[in-house]
Amino acid sequence: MTNISRRSLLRAGAGTLAAGLMAACTTTKSGTTTTLTLNVSEVVDYGNAVLSFASTAVNLSFVASAMGAANLTIANTVIASLKASLTAFQTAAGTSTSVSYDSASVKTAFDSILSDVEQVDKLVIAVIVGTAANLSSSVVTQAKTAAGAAETLIDLLKAMVDMSGPRLRSVAPVDPDAAIGQIAIFAATQG
């Protein structure tokens, strides 16, 4: 068995990420026009997983308590907005398996998804990461794991249209299916 250096692990992770993003999004350029093509099922799967995570997390007593009534109300509004944004994206995409981000209705719907998942990140994930630092239980551990998975999916959604390249918080290889699975387990056991 060979030892894997941190650098080779990071290179492998970057390769995995690049392959995943290529499947999720393609970019074509014609003159001065750049067109991004989004994989509809990837956007919907990632968005639904983040939605499931947020809906489950806000119902955990330690999360709701740490958020406070005002932020919990805002979080529930964002969750409802994310659900509507995903529906709008699916409506704009129709039966297509991929859509152009440059299309006005698709761009509006996708940008709304991005805005909503960023709010989930600021409201829900930040509370779990910050509050859970002082708590210890299997529920907290599951919430932290699911929060990390949601962060991964949020980063992947942002990277789909970020022309300057992905900016993932994680240095580990990215496996969106594993992230979705972690959230599904969290939602099933805590929901």
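Below are some questions and answers about this predicted model.

Me: Let's start with the overall make-up. In what order do the elements of the protein run from the N terminus on?

Reply: First, the parts list: the secondary structure comes to 6 helices and 3 strands. Read from the N terminus on, these elements run α-β-β-α-α-β-α-α-α.

Me: And what share of the residues in the protein is buried?

Reply: A residue counts as buried when its relative accessible area is under 20%. The protein has 191 residues, and the buried share of them is 39%.

Me: Now a single residue. Is Ser85 buried or exposed?

Reply: Ser85 lies in helix H3. Its relative accessibility is 4%, and the cut-off for buried is under 20%. So Ser85 counts as buried.

Me: Which residues is Ser85 in contact with, leaving aside its neighbours within four places in sequence?

Reply: Contact here means heavy atoms within 4.5 Å. With those sequence neighbours set aside, the partners of Ser85 are Ala109, Ser112, Ile113 and Asp116.

Me: Is Thr73 buried or exposed?

Reply: Thr73 also has its place in helix H3, which covers residues 61-93. The relative accessible area of Thr73 is 51%, and over 50% is what it takes to be exposed. So Thr73 is exposed.

Me: How far apart in space are Thr73 and Val58, C-alpha to C-alpha?

Reply: Along the sequence, Thr73 and Val58 are 15 residues apart. In space, going from C-alpha to C-alpha, their separation is 9.8 Å.

Me: On to helix packing. Are H2 and H6 roughly parallel or roughly antiparallel to each other?

Reply: Helix H6 covers residues 176-190, and its axis crosses that of H2 at roughly 30°. Angles under 35 degrees count as roughly parallel. So H2 and H6 are roughly parallel.

Me: How many charged residues are in the contact of H2 with H6?

Reply: On the H2 side, the residues are Asp45, Tyr46, Ala49, Ser52, Phe53, Thr56 and Ala57, and they meet Pro176, Ile180, Ile183, Phe186, Ala187 and Gln190 in H6. Sorted by class, this contact has 9 nonpolar residues, 3 polar ones and a charged count of 1.

Me: H2 also packs with H5. How far apart are the axes of those two helices?

Reply: H2 spans residues 40-57 and H5 spans residues 138-159. They pack at an angle of about 150°, and H2 passes H5 in a left-handed crossing. The distance between their axes is 9 Å.

Me: Last one: how many nonpolar residues are in the contact of H5 with H6?

Reply: The H5 residues that meet H6 include Val139, Ala146 and Leu153, while Ile180 and Phe186 are among their partners in H6. This contact has 6 polar and no charged residues, and its nonpolar count is 12.

Key. Residues are numbered from 1 along each chain as its sequence is written. This is a predicted model: local features need pLDDT of at least 70, side-chain atom pairs count only at pLDDT 80 or more; totals for chains, interfaces and linings use all residues. Side-chain values use heavy atoms; hydrogens and water are left out. Helices (H or I, at least four residues) and strands (E, at least two) are DSSP runs, numbered from the N terminus. Buried means under 20% relative accessible area, exposed over 50%, partly exposed in between (1.4 Å probe, protein chains only). Axes are lines fitted to C-alpha atoms, for helices over the stretch in contact, and angles run from 0 to 180 degrees between N-to-C directions. A crossing is left-handed if the near helix is turned anticlockwise from the far one by less than a right angle, and right-handed if clockwise. Angles under 35 degrees count as roughly parallel, over 145 as roughly antiparallel, 65 to 115 as roughly perpendicular and the rest as oblique. Ala, Val, Leu, Ile, Met, Phe, Trp, Tyr, Cys and Pro count as nonpolar, Asp, Glu, Lys and Arg as charged, and the others, Gly among them, as polar.
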